[in-house]
Amino acid sequence: MTSLSSPPLAIIEEGIPNAKRRQRGDRTTKIRGMRAGTWVYIGLGVVIVSAIFPYYWSFLIGSGDASTINDPDMSWLPGGNFIANALSVVNDPAVNFWLALWNSIFSSTVIAASVVVFSTLAGWAFAKLRFRGRGWLLAFIVATLAVPTQLGVVPLYILFADLGWTGNIGAIIIPALTSAFGVFWMTQYLSQSVPDELIEAARVDGASMIRTFWTVGVVAARPAAAMLFLFTFVNAWNNFFWPFIVLDRQSPTLPVALSLLQSNYFVDYSIVLAGVLLATIPLLILFAFAGRQLVNGIMAGAVKG
Amino acid sequence: MTATDTRRPPTSSDSPPPRGERAPRVLSFSHKLSRWDLKFSPYLYISPFFILFAIVGLFPIAFTAVISFQEWDLVRNSGTFVGFDQYIWILGQPQFWTALRNTFSIFLLSSVPQLILAIFIAAMLDRNIRAKTFWRMSVLLPFVMAPVAVALIFSNMFGDNHGLVNNVLTNIGLNPIPWHKDPFWSHIAIATMVNFRWTGYNALILLAAMQAVPREYYEAATVDGANAFRQFWSITLPSLRPTLIFVIITATIGGLQIFDEPRMFDNTGEGGPAQQWLTITLYLYNIGWGEFNFGRAAALAWILFIIILLIGLINLFITRRLVRDEGGRGEITPRRRKRVQR
């Protein structure tokens with residue numbers, strides 16, 4: 001417990017990164033032994049080639065024309081038709097590409113932001129506050145992780161059809177606004193990264209609960225919140241089952257639009273795979289900027305949860 | 001925390017009561033406020049989650065159960081009670097059993113090779129390599145691609161007539177494989193899509209677990225003369241058990257729900273002309289939004305949930321045993337430490 005004379009809250013805020021740095025330091029001081037031999041690099045090289053190959057293949061086919069795929073001795077170098085194929089995806093009236101892109105960006109952003117806000121609030125309460133029912137409510141949240149999406153889709157569909165919301169982007173946002181995984185994740189993170197003394201100090205200073213949450217909890221939660229945002233964003237962007245049920249051709253998300261590309265009787269794969277790449281580019285850009293955080297997030301979640 | 005809740009906030013403007021004259025029953029307004037704050041804030045913070053979850057999570061689950069006992073009329077938007085008829089109908093369909101077989105087959109073909117590969121990739125990443133972040137990010141690259149996109153690319157590569165894989169096979173003098181005709185080969189193709197997207201992701205989770213293993217174990221083993229393989233087998237693998245079980249459980253929950261990849265495997269999305277790659281969720285979709293029979297779809301959803309629960313319980317049973325095995329070692333992994341805390 002800190003002294004009774006009240007330290008300014010700034011000191012409390014400073015305490016958090018320090019506390020975390022100490023933890024992190026412990027982990028990295030373990031020097032990984034065993035210098036990697038050449039075979040490790042060769043092995044990893046094979047892994048990476050197979051991770052990249054499908055991207056390259058879709059560019060190869062997507063930059064050719066309808067006959068490329070049937071050509072037995074096709075070139076392993078891309079053709080020059082990618083822009084043309086991409087344009088025919090974008091201009092296909094059956095696909096509504098720009099609207100699909102907008103729908104994907106909008107819905108994924110709203111879902112990820114909402115999940116982060118609600119999860120941080122609930123995670124803070126579960127990790128650092130004492131209240132009646134805490135244990136079994138948290139156990140309940142963990143238990144719901146095993147509930148498949150399929151269990152809710154029939155009534156949700158009936159509900160949204162009743163409201164006249166089928167085909168509306170709201171129908172895919174509202175069911176995804178919270179996430180049991182998110183609450184669990186933030187609970188795990190906050191219970192390990194915020195020392196209880198810090199909260200006591202803030203309370204001694206007379207900070208209200210919400211001010212303690214804001215100055216201690218939110219500050220400490222920022223790295224985990226960023227990871228949760230990314231993770232939720234990627235999952236929302238790639239989600240297919242429910243959007244495919246409830247949305248229609250007029251206003252799809254990108255994965256639903258991609259499925260429409262293939263539903264013609266005659267499938268021109270040069271156009272389908274150009275569309276696949278086009279729909280993946282936004283996430284690749286995100287990955288280029290935030291891939292490191294995504295990696296850290298997955299690894300942090302693994303050790304803790 | 002408990003020490004602080006009786007403390008009066010210093011921000012309150014009223015002067016402190018003189019010594020000895022304290023009247024504990026009469027609390028100042030700000031003090032009362034502070035108590036309510038302490039008492040009700042936690043519920044306030046968790047309420048958005050639970051309110052929303054009740055509406056979009058709990059209510060639909062309960063309502064699915066209700067609908068599964070009904071013959072749902074789309075026009076009147078209501079149902080008539082039929083007891084267990086929908087369940088009996090589903091269980092009497094040969095398609096259901098085919099779908100169940102396919103789901104398990106695809107699940108096993110994707111999870112087992114995936115885990116083995118992920119362990120080896122994690123072991124390579126765990127070495128003292130240059131440009132760690134680069135390798136880790138590259139391994140995760142497939143994860144950002146939507147399953148629908150992955151399915152479209154691989155369906156093309158696994159084409160029966162002009163697919164890349166069959167072209168390569170015929171070029172080296174082998175027979176082409178009937179990817180879209182034979183159930184087993186279609187399962188291999190679909191499992192490959194799942195493996196492509198998830199192997200790197202699971203490798204990173206296992207890598208994190210490997211890095212939590214104390215270095216001293218390896219040093220002691222080196223002193224004792226154990227080679228790298230022996231160290232991997234006797235130190236790394238046993239320490240990975242809890243994480244492996246976590247990965248297996250999440251893979252089970254996700255794997256039994258597989259929909260995107262089989263749906264996109266051909267352009268009809270029906271699971272193949274002879275249900276070669278019809279999965280349970282694909283069957284659910286076809287009943288619910290192909291035939292618009294919501295009662296049967298709801299019953300199938302509950303059957304799927306029960307299957308997942310059963311598999312989950314089996315997993316839990318195995319988990320318990322494995323963790324107990326590990327007890328003799330006397331080490332505390334992060335996961336076990338957490339379990340103790342709970």
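**Contacts and backbone angles**

Author: A:Leu228 touches A:Val115, A:Val116, A:Ser119, A:Gly182, A:Trp185 and A:Met186, leaving aside residues up to four places away in sequence, where contact means C-beta atoms, placed from the backbone, within 7 Å. This is a predicted model, in which local features need pLDDT of at least 70, side-chain atom pairs count only at pLDDT 80 or more, and totals for chains, interfaces and linings use all residues. Residues are numbered from 1 along each chain as its sequence is written, with chains lettered from A and ligands numbered from 1 in the order in which they are written.

Reader: Is B:Gln275 buried or exposed?

Author: B:Gln275 sits in the loop between helix H11 (260-263) and helix H12 (280-290) of chain B, helices being DSSP runs of H or I with at least four residues, numbered from the N terminus. Its phi is near 55°, a positive value in a residue other than glycine. A residue is buried if 20 or more other C-beta atoms, placed from the backbone, lie within 10 Å of its own, exposed if 12 or fewer, and partly exposed in between. Because B:Gln275 has 20 other C-beta atoms within 10 Å, B:Gln275 is buried.

Reader: Is B:Phe292 buried or exposed?

Author: B:Phe292 lies in the loop between H12 and helix H13 (294-326) of chain B, and its phi, near 50°, is a positive value in a residue other than glycine. Because B:Phe292 has 10 other C-beta atoms within 10 Å, B:Phe292 is exposed.

Note on methods:
Contact = placed C-beta atoms within 7 Å. Helix = DSSP H or I, 4+ residues; strand = E, 2+ residues; numbered from the N terminus.
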